[in-house]
Amino acid sequence: MRMKMNRISTAVIYMALLLPFGVARGYAVTYKAAAFNYHTCFWQDTTDTAKKKADTLISVKIRRALVKGLKDSLNMEISKLSPNLSLQQMLKGNIPGLYVQETTGEPGTEQSMIIRGLSSPLFSKNDIYNQQPAVYLNGIPLIQESSFVYDIQKYNFNRIGPATNLLAGIDASNINSIEVIKDPLELAKLGPNAANGAIWITTKVAKSGVRQLNVNSYFGFVQASRVNTTNAEYENLFRKPFYQKYATESDYLNYPGYLRDSTNTDYYGPARWNDLYYQNTPIHSIDLGLTGGSDRANFRFFGSATTNAGNADNTALNRYTASFQINMLPFSWLTISSMVNANRMDRDRNRNLRDRFAETRYIPDLYNPLPPSATTYQALLNEYDKNIDNNRTTVVNGYLSLGVDLKKVKILSNLSFDYNQGTRDVFYPSTLMEGNNYVSNYLGYNQRFKIDNSINYTKELGKDHKFVFAAGQSYQTDVHKYNYANAYNGPNDFIKINVVQGNTDSANYLKPVAYLVYRYIDKEQARLFSVYGSARYAYKDLLSFTALVRDDASSNAQPGSRWFISPAFSGQWNLKNQFLKNSNLFDDLSFNASWSRIGKPFTDDRFAAGPQYRVEIGWDAEPTIPGYNGVAAVSRPYTSGWVGYNLKWTYTDQLNLGLNTSLLQGRLNASATFYIKDDKRMLLNIPVPQEYGYTSSYASGMAVRNTGVELGLAGTILKSSAGLSWTSGINLNFNRNKLTALPNGLDQLVIGDMKLKVGQPIDQFFIYQNQGIYNADSEVPVNPANSKRLSFEGTPLKAGDPKWKDVNGDYVIDENDKVLKGNAMPKLTGGWSNDFHYGNFDLNFNIIFAVGQKALNQSAASQYDFINRESGNDINSIKEIFSWQQNPKAIQYPIYNPWSSVVPYRLDQDLFLENASYAKLRTVSVGYDLTRAGFIKKMKSSIKRAYIYVTANNLVTVTSFTGSDPELIDYNGIYNGYGMAIPRTYILGIKLDL
Amino acid sequence: MISFINRHISANKTIGMLLLVAALCLNVSCKKSLDVDSTRLAKEDGHWTSLQDTRSGLMATYGLMRAALADNNAHWLWGEFRQGDFAATNRSDLKAIVNGDLNASFPLLQDITSWRAFYAVINNASLLIERAPEVLAVDKRYTEVNYKVDVAQARALRAFAYFYMVRIWGDVPLITSSHDDGSFQAKARTDQAKVLVYAESELVAAAKDLPYVYGAEGNDLLPGLYYGYDADRWRGALFTKISAYAVLAHIAAWQSHYIDAAVYTDFIMKNYAKANIAYSTITELTSSDGIFNGASNNQIICFGFNDLYGESTTNGHIEQLVLAAPLITKQTPDLYVPKDTIASAFTDPNDQRFGLDTISGLSRTNYFVNYSGETPVFSKIKVLRGGSTNGNFAVYSSNIIFTRLEELALLRAESLAVLGQRQDAISLLNVIRKSRGVATFSDGPDKDLIKEIFDERRRELMGEAWRWYDQVRYNKIKGNNTAFNDLINRKGIYWPIATDVLNANNQLTQNSYWK
């Protein structure tokens, strides 16, 4: 903690030192203070946008289109018309090759992004963390959460702590541009952080001139979902055919109590819970940006307050952000720029029973589920009023950069930091959990410091030859830490904190006096040191070649292979200047090819140590048991897996071939990119013979190849200055992945519910093929060899059991009869946006789509598997309030014997596999530019621009998926029905520039 | 209008240069800074250099054994519920186990048919045996005596793990060293007789070094504190000489080597007092803070969940499956003993464990509550957190007691009865019966002593995971139950092996009965 304070104070002092510049007197020079954007840092061809006033958005956009095609930057003007909270929401469907799926509509929850396909199979949530692209905010590499908290969790539905999406903290109004960087060479410049791709956010920048004030605001609401509620009668009728067909007398005796008594109005009465659960909820936001200063020193301030809400369960996110930037140009050769951002997010979370019991790790008796009656649900909500559930995330980040421009030599030195802290305080009164109450407190932080230095040297040989040499070095240090304590069974519901003995003389000083307390603490550090050098050669305006080599060292790599050297190459050929110099048709036609290798450091610090000892004497249900007989116990990592030596850096090889063109004075832009992304030498926790006590062993050597094509097409279809104009843009991405190697030369592996086979995709479902039902015992095939009936893992199949395909014909249905089928990831994703402009009116709409993915409908499986679900009394047995609704699209599955010991409604069969493709009308927005309106002109005010708009989001979904929404499917392709609806939102907004 | 334009800004050149230098100086690049030691693990080098390492390694062996037995409450699923006295209410997976339908396709059955957790005990024990000499060489505080006792415990635990596995799966691969190099060679199964011979020889050797009591002053084998703790702290927690003999006796009995069993139990009966072991009263047996809670010398082999040390859990206790209202808020237990089973097992109305009071007509509640209801609740073991009776918070501290003196006395009685020493057997049997208020057994020409002993075991050890193994031994002795003996002959008494285990080792084949 002290260390951290030192670092922060160092940074503050560092910045304070700069203040003298702000007040010193001097001469005016015409040089402009530059924004610290992606190009100043990495775009060696400094004739690019770097020196442009990045704030003039239109010109920047067009330039970007000329340079790199439309494909990888987001149209912020349009994005800002929607109340998007997180970066993921802004990007969803708008960038080819970037796949975002919102697995819940609950605002502020963690979301993931996948660039150019899955790079490794998804066994657990950790694997999603490891594939996230790096996000840079004005060059600050933002630190993300570590997955290490899951080590102490019994259930991994949510991470402990506030579990707020850290990328929901950036206000769209303050963003000038978002670029998604996929070019291999560009990524290589960014280094190992960016091995999974990078997203570069440039905020609006400080700039000189008369002070400018921008005010944006919107208000609106999210619309409650309309559902058909059900009560126990519905459930009763649902079960009837199963009981009629298969139940024995004792099964009738065990008929659930809550369904037995039809006079019980809680269960059999009106089901009006939905009025309390789903609600129209207001959302609003206001922000203010202030820019001003001279050519030699200028600043920008930005502040915003936003309230976003889900349409159910009283969920919301309140966000406050502030940002301050100063640019200075003390000498014509020196630029200093700095920025500090702060934001705070308070999240009101859902009140699912599952999430609560997962947090408390305690499952009460679930014999009587929550009834659908409004009165009892209201009574529950009243008890919730006594609880505490504070989730606060605070983020501070900033940078200070010095740029020295000596014409031919340019030096850039940059210090950036990112610190985010999450706290969560929970209290559940005893009325919510079998008469015992619960307290938990979490404090965790993630912290990153990074220092980068780079130097550029430009040398021109005659008119035709130009060389740019660059070298750089960086050092990055990350810390993740948390303190967590949970406590049970306090004395009463008025003491909501964990009271400790305050008497210093007591032997139990500072020990808890009332609650049963468990404490957890963990810390992880990682450091990364990098050096790189690159050279670029340009011949006229026709050809350019770049080569780069970098050497990275990670503290998470094993000492023997700490450094990783990786090269990158890129070439660009301007076909327009070569062949079509005089063409009026083509404004630009260029071909580029780029290849790089980038190391991916391990995200877990366990691999650096090699063979090791850990505290692992717990088991699945009790992962945190601390010792034996009160004495610490340390053993080999039997359950988490053996870690040996020779685990070398994982890396990714990427090849990119791109063709970009711009036609008809920029009216039509098109780009096509083909890529191959090979993630190699990845670690896989492979099963080993169990006779050494280990479940598995980490082995290096898994490789996955993603290939794809990205197409972008944007055109101005109609163009007229006064009349109607229409611009349309479409992006398409085809992606497929393939496992190219497994460790130790293995050809295939079954790990848990997944099978990996070389040559096959990694996101396939491993399932049985269902072919109907055996209506009589006599229908079950008999093995002529030993006259045994077809069995399921040794249990003979009977009437009422499913007909699963015996693939290998051995009359035993087992794992060997499972097949790989369907993909969890879409094969084609994209978006189509349209912009109409007429007079002062604008209309735009945006459609996004994802095609070719499948999902296993666990929600349906557990509805049918009610016998096993209900009797288990485990986390899967919970019946939530929202389960009292009828799904109008539900499929009628065959009536199997739910008591059968072959588990007929098991999830791992194609009975529950569904097509999850979708297309969504995501945004419709209508705006009117008031600037030229009479009354504004009459006011003679300083209003430069006034714009009002109305936006509706998430209006229509087209899909054949039978669950509520095909986006609400979990990372692994399993739909469990828990995702909260992504609500329709309607807002009215105004933008004012003064 | 406010204007922020100030065209007269510049700076002192020297300040600028200084700053630039300062900024560059902050960019310290240092190779050393990349050596970050994880705080989340202990590295290989530096380990096995102090007695903390042997202590934590030894405790891990016990902890892993506890995990092997507690995970999914497997100790009882294997030993108590399979074709035992309990019936399942609702859960199909438990019904499958109760009916002996062990290859039913439920996740629970896959989980409990994996033997990995036992091999973790074995591997950890082997590693300790192999590496403890390194500590002995470098840490002066680590005495020769301490070292010998540690190794003896590790050997005894390893042997115990093998014995426990043989009871469940029959033949298992016999691996006697840790192979601690990341190479995982597939090993075939070893004949169970060989495995048990190994276990027996290990236990005999270990028993020589094991003390009767840990941490006691004046103990001849291990004087003074043990790892800094006294005898109170180690009560019931570690393997003593008596524990080793208890396992030896069971290994012998399991193989029907009753002569050996008699010899080993004889040693126990003669020496248990040295370990301060005594018979438990009915109150100690059935109260919520009796021998199933906390530490006691009466726990001859025991894996504890002592609440004092924050080791109470939800999973790993028979209570999780059998306890219900009125003791906790759960409505119906997952498993219960049907009334007619209770009636047929507890025949003596004066039985303190369970009997109907002839005057009041009420039942005794030591073993069962809610007897008048539909499903009686088995409440012999009901250790809510720290021995409390607060049923609002269903977290348990009950120990897994593998054996106690009553069990061993009855095992000795069984051995003697098989060997024909009826009088000695009867007197041991009557010790138990008397302490439970049951009429003593008197011999007669048509009295079935063996049956009486096993009936007593059934009553006394109900809920302690003996029932299944007792039935196996009983039917081996009697040989008159066709169905059961068929099960024994066709090796159906063993459990199937989990698919995960079979998939990971191509030298293994499924137990023939379950193919």
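Modeller: Two strands pair if DSSP finds at least two bridges between them, and strands (E, at least two residues) and helices (H or I, at least four) are DSSP runs numbered from the N terminus. Please keep in mind that this is a predicted model, in which local features need pLDDT of at least 70 and side-chain atom pairs count only at pLDDT 80 or more, while totals for chains, interfaces and linings use all residues. Residues are numbered from 1 along each chain as its sequence is written, and chains are lettered from A and ligands numbered from 1 in the order in which they are written.

Biologist: Which strand of chain A is joined to S1(B), and by how many bridges?

Modeller: Strand S21 of chain A, residues 612-613, is joined to S1(B) by two bridges, and the two strands run antiparallel. Within this pairing, Gln612(A) stands opposite Lys43(B).

Biologist: How many residues of each chain are in contact with the other chain?

Modeller: A contact here requires that the C-beta atoms of two residues, placed from the backbone, lie within 7 Å. By that criterion, 97 residues of chain B are in contact with 99 residues of chain A. On the chain B side, the elements that each supply at least two residues are helix H1 (13-26), strand S1 (42-43), helix H2 (51-70), helix H4 (92-98), helix H6 (116-138) and helix H20 (499-504). H2(B) gives the most, with eleven residues.

Biologist: What is the make-up by class of the side of chain B that touches chain A?

Modeller: Ala, Val, Leu, Ile, Met, Phe, Trp, Tyr, Cys and Pro count as nonpolar, Asp, Glu, Lys and Arg as charged, and the others, Gly among them, as polar. That side of chain B has 40 nonpolar, 39 polar and 18 charged residues.

Biologist: Why can chain A be called as compact as a globular protein of its length?

Modeller: One compares the radius of gyration, taken over C-alpha atoms, with the globule rule, which is 2.2 Å times the number of residues to the power 0.38. Chain A holds 19 helices and 47 strands. Its radius of gyration is 30 Å, close to the 30 Å that the rule gives for 994 residues, so chain A is as compact as a globular protein of that length. Along the principal axes, its C-alpha atoms fill a box of roughly 95 × 75 × 65 Å.

Biologist: Is strand S5 of chain A largely enclosed or open?

Modeller: A residue is buried if 20 or more other C-beta atoms, placed from the backbone, lie within 10 Å of its own, exposed if 12 or fewer, and partly exposed in between. In S5(A), residues 175-181, five of the seven residues are buried, so this strand is largely enclosed by the rest of the structure. Six bridges join S5(A) to strand S6 (198-203) of chain A, and the two run antiparallel, with Ile181(A) opposite Ala198(A). Across chain A, buried residues make up 51% of the 994 residues.

Biologist: What is the order of strands in the open sheet of three strands in chain A?

Modeller: The order is S35-S34-S37, with mixed pairing. Strands S35 (795-796) and S37 (812-813) are the edges, each pairing on one side only. S34(A), residues 791-792, is joined to S37(A) by two bridges and runs parallel to it, and the bridge partner of Ser791(A) in S37(A) is Val812(A).
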